[in-house]
Amino acid sequence: MGMPTVNMTDAAVNAVPLNSGAYLITTGSRKADSLRGFMLVANAASASFVIQRKLKGKSVRVKLGVRGEITVAQAHAKAVEALKRLNEGENPNATRRAAREEDSKRLTLQRTFDLYVAEGTRNGDLSPKTISLYSDHMRLHLAEWKDRTMLDIGRDRAALIALHEKLTKDRGWAAGNNAIRLVAYLYNRAIRIEEDLPANPTIAVAYNKERKRDTALSDKQLKDWYRRVMLLSNPVKRLFWLIVLLTGGRREQMAAARWEHIDFDLQKKRDREPSKPRWHFPDENAKAGRGYDIPVAPFTVKLLGAWKAYVEKEYPIAQQCQFVFPSAKSSEGHLKKPRNERQGLTETAHPLRHTFRTQGLAVRLSKTEAKILMGHKLSGGEMDERYITRSDAVEKVRPQQDAMTARYTKLLGLTEASIPEIIEHRVKRNAWKAA
């Protein structure tokens, strides 16, 4: 009894049940059926198209694709190509094995990512936050690409364009841009190792227009923002937001700040020089592991001094009172990712950095002075900044810090007499709803 047959149509092929064995694919035409050995093999888990012929006296079966992933017509075209190679004495299976072995020696997206992260960690170029962000992109957006070689990716610009379009549709404009941008970073690293890689394929992607999400608060908005800050029932949150405003600091570094890193320097040396208080942000709290110091203005010093006394009284537990912004709920003992949308304060910390830089224009804060005060990296590409020693520059920008604080206190109507009210003001829970 001969092998069963199935007509060369998608409907007929799709009707073949799993685990039913091998079928010759036929059209019923003797001329069209000259492609002997073109079959569908239905196993327990899937059905695959194959072409089987003898090569040098041995039977060779070449897998063409899985039913459902390719059509009968596509499988037939692949069978014709495989048969041609068999007739020329080439075994497509051996060629595939050789290609896989060659691919195993090449960089994949995952291997390149691991290399990129290891180097960035060792050199201090990538912060833990950035590494976590990139890892999320790999896990959420690039998981299906992780085993592809960089050579394969370099040759497939169309797939990158399609990936960007899909992510934009499913996850939003930022996810689409960020995933492709990470591929670009990794490809640039890989191309320094594998010199035969083509040009970076991400140049084919038309990035989505960036939508600005964080903008500076105007003078009027800032006054309203401060009113809503004072409606927060938790004094720790009130102080946190006000200090972030006055210093232009980043959210997470401020939340984890310790008292030991603030040098109040209230003329402890009893000399005639004015007090020179500083705030130090260590490497582990600063962006990209670049610790830095900033000068602290007189009003901020007095505010922090009064706040420190309050913390020592209200948070006697050692794990908590060592932090500038303690938290009894956090396992670390300090605030974690402070957000107060539910209490009417929709702004995050980053717009306050935009505000700091924008308000700095009013006190003629230069670009370099702003970088020193805000903990930005001094540019190695600009000759004047390349020669600046940041630690020595702190005192040079103290007048600018004082001017910034004076501008904020005047704008918000704050004086030293306001400090007790800021700290000890009792606010009823949900008071912001009635405001």
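User: Okay, which backbone oxygen does the side chain of arginine 67 reach at 2.7 Å?
Analyst: That's the backbone oxygen of valine 16. Keep in mind that this is a predicted model. The side chain of arginine 67 also has a polar atom 2.9 Å from the backbone oxygen of valine 13.

User: Where is arginine 67 in the chain?
Analyst: In the loop between β5 (58-66) and α2 (72-87).

User: And what about a charged partner for arginine 67, how far off is the nearest side chain of opposite charge?
Analyst: That would be aspartate 10, and it's 9.2 Å away. A salt bridge here needs a nitrogen and an oxygen within 4 Å. Arginine 67 is buried and has no salt bridge.

User: Who else is arginine 67 in contact with, leaving aside its neighbours within four places in sequence?
Analyst: The list includes Asn14, Leu18, Leu40 and Phe49. Val13 and Val16 are among its contacts too.

User: New topic: how many salt bridges are there?
Analyst: The count comes to 19. In one of them, arginine 148 meets aspartate 152, at 2.8 Å from N to O.

User: Is aspartate 152 buried or partly exposed?
Analyst: Partly exposed, because its relative accessible area is 32% and buried would mean under 20%.

User: Which salt bridge links distant parts of the chain?
Analyst: Look at arginine 407 and aspartate 219, whose closest N and O atoms are 3.6 Å apart. Arginine 407 sits in helix α18 (residues 398-412) and aspartate 219 in helix α9 (residues 219-229), 188 residues apart. Both ends are partly exposed: arginine 407 has a relative accessible area of 29%, and aspartate 219 has 32%.

User: What about arginine 278, which residue does it form a salt bridge with?
Analyst: Aspartate 293, with the closest N and O atoms 3.7 Å apart. Arginine 278 is in strand β7 and aspartate 293 is in strand β8, so this pair ties together parts that are 15 residues apart in sequence.

User: Which residues are linked in a network of salt bridges?
Analyst: Asp224, Arg227, Arg228 and Glu347.

User: While we're around those strands, where does glycine 291 lie?
Analyst: Glycine 291 is in the loop between β7 (278-281) and β8 (292-295). It's 10 residues from phenylalanine 281 in sequence, and their C-alpha atoms are 5.4 Å apart in space.

User: Let's go inside. Which residues touch the most other members of the largest nonpolar core?
Analyst: Trp225, Trp279, Leu303 and Trp307, out of 59 residues in that core. Helix α10 (residues 235-247) gives the most to this core, with nine residues. There's also a second, separate core of 27 residues, which includes Tyr116 and Met150.

User: What is leucine 303 in contact with, apart from neighbours within four places in sequence?
Analyst: Leu239, Leu242, Ile243 and Leu246 are among its contacts, and so are Ile419, Ile422 and Ile423.

User: Which residues of α12 are buried?
Analyst: Leu303 and Trp307 are two of them, and the list also includes Phe299, Leu304 and Tyr310. In general, nonpolar side chains tend to be buried together in soluble globular proteins.

User: Last one: how many residues does helix α12 have, and what should they span?
Analyst: It has 17 residues, 298-314, and at 1.5 Å a residue they should span 24 Å. The end C-alpha atoms of α12 are 24 Å apart, which agrees.

How values were computed: Residues are numbered from 1 along each chain as its sequence is written. This is a predicted model: local features need pLDDT of at least 70, side-chain atom pairs count only at pLDDT 80 or more; totals for chains, interfaces and linings use all residues. Side-chain values use heavy atoms; hydrogens and water are left out. Helices (H or I, at least four residues) and strands (E, at least two) are DSSP runs, numbered from the N terminus. Buried means under 20% relative accessible area, exposed over 50%, partly exposed in between (1.4 Å probe, protein chains only). Lys and Arg count as positive and Asp and Glu as negative; His and the chain ends are not counted. A polar contact is a pair of N or O atoms within 3.5 Å; within protein, one must be able to donate a hydrogen and the other to accept it, and residues adjacent in sequence count only if both atoms are side-chain atoms. Contact means heavy atoms within 4.5 Å. The expected span of a helix is 1.5 Å times one less than its number of residues. A nonpolar core is a set of buried Ala, Val, Leu, Ile, Met, Phe, Trp, Tyr and Cys residues joined through side-chain atoms within 4.5 Å.
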